[in-house]
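This report describes the fold and selected residues of a single protein chain.

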Amino acid sequence: MTAGEAGPVYALGADAPERQRLRQQAKELRAHSEALLDRVGAAPGWRAIDLGCGPLGVLDILSERVGPSGSVIGLDYDPVNVAMARDFVGEHRLANVEVMESDARNTGLPESSFDLVHARTLLINLPEPAEVVSEMVRLARPGGWVAAMEPDVRNMVCYPPIPAWDRMQELFEQSYVADGADPLMGRRLSSLLWDAGLVDIGVEPRAEAFPLGHSRRTIRADILRAMRPKLIQRGMAGEQELGEIDTAFRKHLENPRTLLCQSLFMAWGRKPAA
């Protein structure tokens, strides 16, 4: 990203609790990410990149998959995330991983240089996601793979519903739209890959329930807390209302009969051979 350019808008903010949530999320989504890499056949010797890796992303998983003969780049536009990811790489001695600071829309990296270009929960948080997909395709070598995993805001289910949940959903969609981001990214993901000219496209939805005690049971409330300053600044809700929503929803989740279920969409496609 050159001086003076606007950085990408991350819809969920970037405070310390949000960074910690991202690290926890990396652990929670590990099995899904492993499955996605199975779909594209990630193998030793591959050169891979994880766009929008945040403080962890899938760097450790990719490092293991490509092995000593392969290499991995983690890329994020936020310097604090980059520093945290570099610390993680150093602590875990991931010798085949490099972390760099850049914009996923315009990485500045050579085209056709990766066997796998990966992103997870990135496109849903940025305006103009097609720009990122276009860059992903540019980075993939002919015959290489583009793979992504994205949630769908509207596809999260809370039953029985309560007014706090309905209002939370409304605020989520309003805030994403205000950021220029797409709360329905999950269901659109495979279409973006088709539009970008990829072939051999696959898509797999995954639904997961979060019972009492599950680390992701409070995920929607946790994210709303990260969005709170933005919602207040925009006049979408006040501090008191947001506090009441948070309290009511978390109380609702204490009932083991309350069902909370989220859908993720995995999609992948191959860049046509030259």
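In this predicted model, Thr121 has a relative accessible area of 14%, and because the limit for a buried residue is 20%, Thr121 counts as buried. The residue is placed in the loop between strand 4 and helix 5 (129-139). Most residues other than glycine have a negative phi, and most peptide bonds are trans.

Two further sites belong with this topic of backbone geometry. Ser112 also has a positive phi without being glycine, with a value near 55°. Ser112 sits in the loop between strand 3 (97-101) and strand 4 (114-120), and at 30% relative accessibility it is partly exposed. The peptide bond that joins Tyr159 and Pro160 is cis, with omega at about -5°. Pro160 belongs to the loop between strand 6 (157-159) and helix 6 (163-178).

Which residues of helix 5 are buried? They are Pro129, Val132, Val133, Glu135, Met136, Val137 and Leu139. An α-helix has 3.6 residues a turn, so residues three or four places apart point the same way. The buried residues of helix 5 pack against strand 1 (47-51), strand 4, strand 5 (140-151) and helix 7.

Helix 7 (residues 185-195) contains Leu193, which is buried at 1% relative accessibility. Setting aside residues up to four places away in sequence, Leu193 touches Val133, Val146, Leu198, Ile201, Ala267, Trp268 and Gly269. Between Leu193 and Glu241 the sequence separation is 48 residues, while their C-alpha atoms lie 39 Å apart.

Trp268, another partner of Leu193, is located in strand 8 (residues 259-270). Its relative accessible area of 11% makes Trp268 buried. With neighbours within four places in sequence left aside, the contacts of Trp268 include Leu36, Arg39, Val40, Trp145, Val146 and Ala147. Leu193, Asp200, Ile201, Gly202, Val203 and Glu204 are also in contact with Trp268. Val146 and Ile201 therefore occur among the partners of Leu193 as well as among those of Trp268, while the burial of Trp268 accompanies that of Leu193. Trp268 and Arg39 are 229 residues apart in sequence, yet their C-alpha atoms are 7.9 Å apart.

Beyond its neighbours within four places in sequence, Arg65 is in contact with Glu34, Leu37, Asp38, Ala42, Ala43 and Pro44. Arg93 is exposed, with a relative accessible area of 76%, and is found in the loop between helix 4 (79-91) and strand 3. The C-alpha atoms of Arg93 and Asp60 are separated by 9.8 Å, and the two residues are 33 places apart along the chain.

The accessibility values of the residues discussed above are collected here.

| Residue | Relative accessible area | Class |
|---|---|---|
| Leu193 | 1% | buried |
| Trp268 | 11% | buried |
| Thr121 | 14% | buried |
| Ser112 | 30% | partly exposed |
| Arg93 | 76% | exposed |

For the chain as a whole, nine helices and eight strands are present. Its radius of gyration is 19 Å, close to the 19 Å that the globule rule gives for 274 residues, so the chain is as compact as a globular protein of that length. Along the principal axes, the C-alpha atoms fill a box of roughly 55 × 40 × 40 Å. Of the 274 residues, 57% are buried. Among contacts between residues at least 6 apart in sequence, 81% join residues at least 24 apart.

The accessible surface of the chain comes to about 11,700 Å², and carbon and sulfur atoms account for 53% of this area. The chain carries 31 positive and 38 negative side chains, with the centres of the two sets 4 Å apart.

Technical notes:
Residues are numbered from 1 along each chain as its sequence is written. This is a predicted model: local features need pLDDT of at least 70, side-chain atom pairs count only at pLDDT 80 or more; totals for chains, interfaces and linings use all residues. Side-chain values use heavy atoms; hydrogens and water are left out. Contact means heavy atoms within 4.5 Å. Helices (H or I, at least four residues) and strands (E, at least two) are DSSP runs, numbered from the N terminus. Buried means under 20% relative accessible area, exposed over 50%, partly exposed in between (1.4 Å probe, protein chains only). The radius of gyration is taken over C-alpha atoms; the globule rule is 2.2 Å times the number of residues to the power 0.38. Accessible areas come from the Shrake-Rupley method with a 1.4 Å probe; for residues, only the protein chains shown count as cover. Lys and Arg count as positive and Asp and Glu as negative; His and the chain ends are not counted. The place of a charge is taken as NZ of Lys, CZ of Arg, CG of Asp or CD of Glu.
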